[in-house]
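Hi everyone, thanks for coming. Take a moment with the picture before I start talking.

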Amino acid sequence: MTPATITVSDTIARSFLASVGLRGDKPAIREKAFGVWRATSWNEWLEVSKEIAYALHASGFKAGDVASIMANAVPEWLHADMGVLCAGGVSSGIYPTDSVAQVEYLVNDSRTKVLFVEDEEQLDKVLSARSRCPTIEKIVIFDMEGLSGFNDPMAMSLDEFRALGRNHMSGRETLWDEMIGSRSANDLAILVYTSGTTGPPKGAMHSNKSVTHQMRNADTLLIPTEHEERLIFLPLCHVAERIGGYYLSIATGSIMNFAESPETVPDNIREVQPTTFLAVPRIWEKFYSGVTIALKDATPFQNWMYSKALAIGYRVADCRIEGDPVPLHLRIANHAAYLLVFRNIRRMIGLDRCHVAFTGAAPIAPDLIRWYMALGLDMREVYGQTENCGVATLMPGDRIKLGSVGKAAPWGEVKICPKGEILIKGDYLFMGYLNQPEKTAETIDSDGWLRTGDVGSIDNEGYVKITDRMKDIIITSGGKNITPSEIENQLKFSPYISDAVVIGDKRPFLTCLIMIDQENVEKFAQDLDIPFTNYASLCRAAAIQELIWKEIETVNANFARVETIKKFYLIERQLTPEDEELTPTLKLKRKFVNQRYANEIDAMYGARAVA
């Protein structure tokens, strides 16, 4: 395949224009409408974003002003974002799952002037908060379904807004260059708000320089070709998809295919068969559990074939992990395993064309990475934070070391401080937290190193291992230091466990809050005729309690007695990203669930522990 040209300038907007100039009428964005995937070219994308930029100017929006986008991962998110950046503005994202109170806080904290919303649901939130948000001057709506009779002097549809932009262009041809030229590399370009697990969300301020620094090194991550295909489905206000999915695709020219909705992601992956795929651990765990559950309905012969093929795949994966060459006879056997077994599994997942897969944003079980490697997928873990605009470490393609997050990216630095905290430094670091100089000072030390809050180590080969978050380390009442993430990752490897939070700080033993995998546990119950009426009754069923306890015992066998789970509680609510207990990347908020389920936790310690 022909390698793609990396197109990056000193600002995000100028990088976009460079990519448009190089790629023109080639497809940039694809979305599914009425059952058919339709493409938008780079030139067409530019036309839409240019109209939005002019409309912003016509609305009194000036260089340095903030516009926010509250929508799922849809093409209009990109259109608006690039329109804001080309107008010289600052672009901020708001999760579509945020509540009215959260929207109010984010709009006021960022002093948002123009707010782009996806649909009626998001519009309702804004209208509920508007009287308490004095900086809002304009609301632009992407999807007007259900709003045909809606009339508000502050709001208009995206089509009307674009028409305003087209009218404003007449006689103002030089304004485009003025808007593009209004921002420099060191100017603030985007705001990325943290999830706010330990307090109100903090707005991480990123300059054009920090973003383009990551974009400039996209070829190290993606091995770009002229036919690269991505699937965009994670929230675009999260740093992972915004940088890794969106801005890096501008640099490489990758085609961005947009999932129809969060619910259709599995189907869309199978349709698109992306060549590069970035996902959070929960997605990788879901794929694995889906295959595991499907095998329970397979014939004995199919299961025998899978076990034989997997044994061959593991041997090949282990050669790669150890840095050893794969013997010829094993390569031949592995090719046969692919043709007979792995190809069907990879097609079922939707990753048969995928030549590199990335996992990040949260810890993942090493055994899960090894399983994907056995299928023949080149899976690499990356590590970074909102504050460093994405990637700080990545796993080298030629030497995989499970249990680590790879080596420091060549375009940055990583070190361990005397207290064991991981520190990172480079041109990708943020400018600080908006309106919070004290928090900024706490996070970046006097020498310019970012304090990540993660505990870890670096071995003699330069591989970084993350032990846990500093604030999450458990010290039992007996004085034993325990890192819960390792136990939690192994629990989540179970197809029946969606997430887990280990409890035990200042306690005599470890317990655990568990969120079940609803689909797989329901299937287990139905297959065994276990009666249940709703989600709560499913969690309370004795057979389900026994199922989860067996999964816990399997994990307990891998740890010392003091590190084993003695009791557990199944969270009896179906949680979605709209719930406060979950982060946008579908992780349980440790501090929040400790508070929310304090009574249930105390009850586990109020009776005799399981031996």
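I'll go through confidence, then some strands, then the cysteines.

So, ground rules. This is a predicted model, where local features need pLDDT of at least 70 and side-chain atom pairs count only at pLDDT 80 or more, while totals for chains, interfaces and linings use all residues. Residues are numbered from 1 along each chain as its sequence is written, and side-chain values use heavy atoms, with hydrogens and water left out.

What is pLDDT? It's the predictor's confidence in each residue, from 0 to 100. The protein chain averages 91, and 95% of the residues score at least 70. Residues 607-611 are another story: pLDDT stays under 50 there, and the model has nine contacts for them beyond four places in sequence, a contact being heavy atoms within 4.5 Å.

Now the strands. Helices (H or I, at least four residues) and strands (E, at least two) are DSSP runs, numbered from the N terminus. Two strands pair if DSSP finds at least two bridges between them.

Look for an open sheet of three strands, in the order β24-β25-β26, with mixed pairing. Which strands sit at the edges? β24 (497-503) and β26 (565-570), since each pairs on one side only. On average, neighbouring strands in this sheet are turned by 30° against each other, direction ignored. Strand β25, residues 510-516, runs parallel to β26, joined by five bridges, and Cys512 stands opposite Phe568 in β26. Packed on the sheet is helix α17, residues 484-492, touching β24, β25 and β26; its direction makes about 155° with that of β24. Axes here are lines fitted to C-alpha atoms, for helices over the stretch in contact, and angles run from 0 to 180 degrees between N-to-C directions.

Next, another group of strands. β20 (residues 450-458) pairs antiparallel with β18 (residues 421-425) over three bridges, and Glu421 stands opposite Val455. β20 also pairs antiparallel with β21 (residues 464-469), over five bridges; there, Ser457 has Lys465 as its bridge partner. β20 and β21 make a hairpin with five residues between them, and Gly462 in the turn has a positive phi of about 90°.

Last stop, cysteines. Is Cys539 buried or exposed? Buried, because its relative accessibility is 0%; the cut-offs are under 20% relative accessible area for buried, over 50% for exposed, and partly exposed in between (1.4 Å probe, protein chains only). Cys354 counts as buried too, at 5%.
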